[in-house]
Amino acid sequence: MDEYSRFVDWDKMDVSAQSQDTKELTCTDFHELKQLARQGYWAKNHSLRAKVYHKLINNIPCRTVTPDANVYRDIVVKIIGKRSSSSLPLPEFVDNSLIPTYCLNAEGVGAVRKIIVCIANQFPDISFCPALPSVIALLLHYSKDEAECFEQVCRILACNDPSKRLIDQTFLAFESSCMTFGDLVNKYCQAAHKLMVAVSEDVLEVYSDWQRWLFGELPMAYIARVFDVFLVEGYKVLYRVALALLKFFHKVRAGQPMESDSVQQDIRAFVRDIAKSVTPERLLEKAFAIRLFSRKEIQLLQMANEKALQQKGITVKQKRQNVHLAVHAENFRSEIVSVKEMRDIWSWIPERFALCQPLLLFTTLEHGCSLSRFYSHSEGHEPTLLLIKTTAKEVCGAYLSTDWSERRRGGNKLSFFGTGECFVFRLQPEVERYEWVIIKHPELASTGSDTENHAQPASSTLSSSSIPSDRLSPFLAARHFNLPSKTASMFMAGSSECIIVGGGDGQALYLDADLNHGRTSHCNTFNNQPLCSESFQISILEVWGFRDTMNG
């Protein structure tokens, strides 16, 4: 076939899709290269793909001392000796990962284990890297020999560009990526997330499989197309494809009984057999149709999740806490929601807080209907959960990302703060979660004078979540990252006279100072149902905090 065929079993390769036309890749412009990768320009020519991979990987900025092919030739005999490659013990950092064979011949399958062992020798700082076997197996299809493949993988691992994240090499990085993926699913795949919550005891356990779907279960023709784009665009591509896989799983399997007792196993089986449902082109098309956060925004979210894990002392692999068990039936008591309803709410909150347990901070039944007492009991806690039961037995609430003490920045005026992680929800009569929106300052500020007459709020006080491209997503608190305050949009407002929470899809909550009356704003441009009655009487109001059980 060609000089890159040494480790390929051509009986397994889809040669019908291979073109023998001689092609060259001469472009260097990033945007043009990105389009060619997405279109599969080099996907149908084995030799061209090999040359493109080498070119892209050789352009990765690396540490000054990065092991190359000559290093492999020097160490492989010393390390492997005369042992059979099949008997080689693999390093712990691959975490018993699948070693996919894809379309490798017997020599190629043995070469994967040899290269893994030699990389472990040269990279003692790698502590957790379950994607490594798949990356090595894939690149062997496009390598002249083991040494060349070793060098290419080393360059990927030794990338020292802080803006170019490639493969997770520590448990902290891996685990935070799982939490980040869970956050992205919660925002961009709500229907699939709802299914995961319904059929799984621990959704984070399901989402911890997301890299395995790509680097383990996905067939050769698919992972190669993903890798084409990954080498050009980076880590964000992996999130996109995993989200697309989950969307397709939900579309194909929704309404059908699970094929096994575990949704994890069902998703793995679906990905393995994805050729029955989706082509590689359709998978990528779906992935890039998702209007995902920018690379910088995802990096900030990843940093927030890493920080949360570090604060909890989770930096090495350990038995994962069942997230749904964070709400213990024997310890949880609320006059508004049941244990099941609280667990449903817990499935909506950011993953870094789902590890915590609910802690009752304020209830009108005990502390009375006083806004000042509401503030005094809520301040110092971030985030918080607001629950309201009306006299009409409606139940609604809000997840509030920011400490209420932030309201003091405005003095006696209605002060605006918060992040895009805020959302409002309804539990009774029907369950509904509303995506976030941005509160418009002038209109809401003027509503303070309407406190006494409970006037109907104007829908113009809210706008849908269209964020300027030159601004960081308000999904994250700007102050966590020392960013200018103007980069944070406003979702909460508080003064001595009222509380306002902008929740999403045209929904907002407005509560009076006596905590007896409230009203909602509902934008008629949306087809969803209102949060609750436009004007309502509060029966019970509770505020819950998040207790970090791991740090006492």
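This is a predicted model: local features need pLDDT of at least 70, side-chain atom pairs count only at pLDDT 80 or more; totals for chains, interfaces and linings use all residues.
I started with the secondary structure: the protein chain has 20 helices and 13 strands, taken as DSSP runs (H or I of at least four residues for helices, E of at least two for strands) numbered from the N terminus. Residues are numbered from 1 along each chain as its sequence is written, and side-chain values use heavy atoms, with hydrogens and water left out.

Next I checked burial. Of the 552 residues, 59% count as buried, meaning under 20% relative accessible area with a 1.4 Å probe, protein chains only.

Then I looked at contacts (heavy atoms within 4.5 Å). Among those between residues at least 6 apart in sequence, 75% join residues at least 24 apart.

Which helices did I look at as a pair? I took α11 and α12, which pack at an angle of about 145 degrees with their axes 8 Å apart; axes are lines fitted to C-alpha atoms over the stretch in contact, and angles run from 0 to 180 degrees between N-to-C directions. From α11, V226, V229, F230 and E233 meet V237, L238 and V241 of α12. I sorted the residues of this contact into 6 nonpolar, no polar and 1 charged, with Ala, Val, Leu, Ile, Met, Phe, Trp, Tyr, Cys and Pro as nonpolar, Asp, Glu, Lys and Arg as charged, and the others, Gly among them, as polar.

Note on methods. Buried means under 20% relative accessible area, exposed over 50%, partly exposed in between (1.4 Å probe, protein chains only).
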